[in-house]
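Please look over the model shown here before reading on. The points below are meant for someone new to it.

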Amino acid sequence: SPTNTLIDLGELNPLINDPAVISIECEGSDQPIIARVPHPMPTNITLSEEEISDVINKFSELSKIPIQEGIFNVVVGKLKISAIISDTISSKFIIGKLRPANYQT
């Protein structure tokens, strides 16, 4: 279930705080961030490899789950990150918003 833990993701915060955005996708460094609302909508936001690492590191620190190369899935607060971490290609991630346990579809 979602908790009230907050995570500061810098340039991504406006997308996190927008209730219309379901998920945020980063396909790699210097690629436009895609906001799903629910259809994919490219944004003007791009992240460097260092900024992508910072986002993943924040999830790692708050969850106390260490980062290893490969697939990294972590939940912090109301956000879930699924990342592919690699030293040979640019790391990428998808951040999804968790719904409350009593959410009805």
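1. Glu25 and Arg36 form a salt bridge, with their closest N and O atoms 2.4 Å apart. The term means a side-chain nitrogen of Lys or Arg within 4 Å of a carboxyl oxygen of Asp or Glu. Glu25 belongs to strand S1 (residues 23-26) and Arg36 to strand S2 (residues 32-36), so the pair ties together parts that are 11 residues apart in sequence. Strands (E, at least two residues) and helices (H or I, at least four) are DSSP runs, numbered from the N terminus. The structure holds one salt bridge.

2. This is a predicted model, where local features need pLDDT of at least 70 and side-chain atom pairs count only at pLDDT 80 or more, while totals for chains, interfaces and linings use all residues. Residues are numbered from 1 along each chain as its sequence is written, and side-chain values use heavy atoms, leaving out hydrogens and water.

3. Buried means under 20% relative accessible area, exposed over 50%, and partly exposed in between (1.4 Å probe, protein chains only).

4. Ser23 also lies in strand S1 and is buried, with 9% relative accessibility. Leaving aside residues up to four places away in sequence, Ser23 touches Ile34, Ala35, Arg36, Ile94, Ile95 and Gly96; contact means heavy atoms within 4.5 Å.

5. Asp54 is found in helix H2 (residues 49-63). Its relative accessible area is 36%, which is partly exposed.
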